[in-house]
Amino acid sequence: MNQSPFDVAIIGAGVCGAAIARTLSAYRLRVVLLEKEADVAFGVSKANSGIIHAGFHHPATSLKAKLEIQGNLMFEKLYYELGFPFKRVGVLVVAFSEEEMKTAAHLFSQGEENGVADLELCGAERVRALEPKVNRDAVGGLYAPGGGIIEPYRFVFALVECAIANGCVLSTGFDVSAVRRQREYFILAARSGRSVAARYAVNAAGLHADAVSAMFGAEQFTIIPRKGEEYLLDRGAEAFPNHVLFPVPAKKSKGILVIPTVEGTTMVGPTAVEVEDREDVSTSASNLKAVFAHAKHLMPSVSRRDIITSFAGMRPALATGDFYIAVSKKVPRLVQVAGIQSPGLTASPAIGEYVKELLKSCGCSLTEKPHFNPMLPKITTLRDCSPEAMEQIIAHNPQYGNIICRCETVSEAQIVEAIRKGHVTLDGIKFYTRAGMGRCQGGFCTYKILKILARETGKKMTEFTKRGGESVIVKETLSAALPRTRGAPP
Ligand SMILES: Cc1cc2nc3c(=O)[nH]c(=O)nc-3n(C[C@H](O)[C@H](O)[C@H](O)COP(=O)(O)OP(=O)(O)OC[C@H]3O[C@@H](n4cnc5c(N)ncnc54)[C@H](O)[C@@H]3O)c2cc1C
């Protein structure tokens, strides 16, 4: 055993594991968050639409609707405490026929039954007033002002940072591969040889929740991966809606959306296709064509010429279509958090609370910490600053004056901050700062970031990866050909 026993071990540092960890960090518990990847939020939680859903898409009988609505209402407080990018821009479902209006009316009633406030069934004129660039053929729709948008990875980073500040231990590169029992403890062993002991365990392993459940000898279920491809458009593309635009939903998904991201770009997608390979996050030309045909139908100014990148994420779905969050019936003191497909991001803060209650129900003692601090210090983002404010910030710390990522206006100081907070892969730095997320997709800044990483950590460039594992960026042979650093840092 590498450390003294924990009260709770959470397997998986996606948005669910992170929200659970932060919730538990308010209590006198020793909590460890175990993540197989090199950083947190490297699973499903990094590749989604970033929407805080409004609560009308699912019937009140489902657990996911209940937690979606509770989660949605928690975001203002979380935003105040943690400062991640969040805007309550509202969502608009657009209908193009009387038949589709019937579906919009059904969603309206379902939302009202779920207790969603301020829903509005709109005619064509109201839809155009809300969204002037929408297709003129729209006959009406459903407006939900309570929907919102966030930057999903920054949300996870903030939850984990706050949990750590309040005593939670994070262990990355910890791939739980075997579980055994020793008296009242679970012994969780990683492939690397490391192990931890904990009295309670939470399985929040996303796409691998079925495999982790099997390691415990708990319930048998199968995660059915459902792939979603998304396309990101350049900042300044004409197609930037005021609200998240939905079509009326299809049977298995909410359809292809046009999304204004919280950082001012436009995203279109996602597709929804069941696949076998959980790791296949490729995108395809045929799906691109279909996605853009649907998106253009909602907003004709959406253009393929504005694409700067594409990505895919896998919804970790169960055959029931609902979340499965419960104390295991077979293994006492294990809580299962599985089948967390959309709206998992929206529901995550409520999932944190729900799991806390489940742990309590199986004997976990919860005593509040007198000095729990829910707040994080505010992060400085240069892009949001006035020239005067920028001048002051740079006078205080000249590293803010050295712009590393020109597309997203990210400075050396922000890269250094990310590294000092433990984000030491290229993707971790990208998700923390947005360096490499703009039009050039890292073409100009990757080398500069690697140089800062080498300087700050004392390691060689060849030791850094894009996202851990084998994803080395600079090979030994290439490194020999690179110019030596001379004079001032980058
Ligand atoms: C295309 C797409 C769009 C979506 N859009 C939205 C949206 O707009 N709004 C919304 O509310 N929801 C959305 N979702 C759903 C949302 O992204 C997920 O519900 C949520 O991210 C699931 O979080 P999670 O923590 O359960 O899983 P994950 O983020 O996958 O976290 C699980 C973690 O467990 C780790 N892990 C797995 N096995 C092990 C092991 N053996 N040992 C240690 N660690 C392990 C993984 O590496 C991973 O980091 C979308 C999903 C997709 C795919």
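Predicted model: local features only at pLDDT ≥ 70, side-chain atom pairs only at ≥ 80, totals over all residues.

User: Which residue of β16 is the bridge partner of Val-258, and what makes β15 and β16 a pair?

Analyst: The bridge partner of Val-258 in β16 is Val-268. Helices and strands here are DSSP runs numbered from the N terminus, with at least four residues of H or I for a helix and at least two of E for a strand. Two strands pair if DSSP finds at least two bridges between them. Strands β15 (residues 257-260) and β16 (residues 266-269) have four bridges in the antiparallel sense, so they qualify as a pair. Five residues lie between the strands of this hairpin, and among them Gly-264 has a positive phi near 90°.

User: Why is strand β7 called largely enclosed?

Analyst: A residue is buried if 20 or more other C-beta atoms, placed from the backbone, lie within 10 Å of its own, exposed if 12 or fewer do, and partly exposed in between. In β7 (residues 140-144), five of the five residues are buried, and the strand is therefore largely enclosed by the rest of the structure. The cover extends to both faces: Gly-140, Leu-142 and Ala-144 are buried on one side, and Gly-141 and Tyr-143 on the other. In a regular strand the side chains alternate between the two faces of the sheet.

User: Which strands pair with β7?

Analyst: Strand β5 (residues 91-95) pairs with β7 over five antiparallel bridges, and Ala-95 has Gly-140 as its bridge partner there. Strand β6 (residues 120-123) joins β7 over four bridges, also antiparallel, with Cys-122 opposite Gly-141.

User: What makes β3 and β4 edge strands?

Analyst: An open sheet of three strands runs in the order β3-β8-β4 with antiparallel pairing. Both β3 (51-52) and β4 (86-87) have a single partner strand, so one side of each is left without a neighbour in the sheet. Between β3 and β8 (residues 148-150) there are two antiparallel bridges, and Ile-52 stands opposite Gly-148 in β8.

User: How do you know that the buried residues of helix α3 are on the same side?

Analyst: The buried residues of α3 (residues 75-82) are Phe-75, Leu-78 and Leu-82. The arc, taken from the directions from the helix axis to the C-beta atoms, is only 60°, which puts these residues on the same side of α3. Glu-76, Lys-77 and Tyr-80 are exposed on the other side. Contact requires C-beta atoms, placed from the backbone, within 7 Å of each other. The buried residues of α3 pack against elements including β3, β4, β8 and α9. After α3 comes Gly-83, with a positive phi near 70°.

User: Which residues of helix α7 are buried, and what arc do they cover?

Analyst: Ala-209, Val-212, Ser-213 and Phe-216 are buried in α7 (residues 209-216). Their arc is only 105° around the axis, which puts them on the same side of α7. They pack against β1 (6-11), β10 (176-182), β12 (195-203), β18 and β20 (334-338). Gly-217, which follows α7, has a positive phi near 70°.

User: Is Pro-370 buried or exposed?

Analyst: Pro-370 has 6 C-beta neighbours inside 10 Å, so it counts as exposed. It is found in the loop between α9 and α10 (387-396). Its C-alpha atom is separated by 8.5 Å from that of Ala-26, although the two residues are 344 apart along the chain.

User: What surrounds the ligand?

Analyst: The shell around the ligand has 43 residues, the closest being Gly-14, Gly-43, Gly-206, Gly-228 and Gly-344. The elements that give two or more residues to this shell are α1 (15-24), β13 (224-233), β18 (307-317) and α9 (344-361). A residue counts as near if its C-beta atom, placed from the backbone, lies within 6 Å of the molecule.

How values were computed: Residues numbered from 1 in each chain as written. Contact = placed C-beta atoms within 7 Å.
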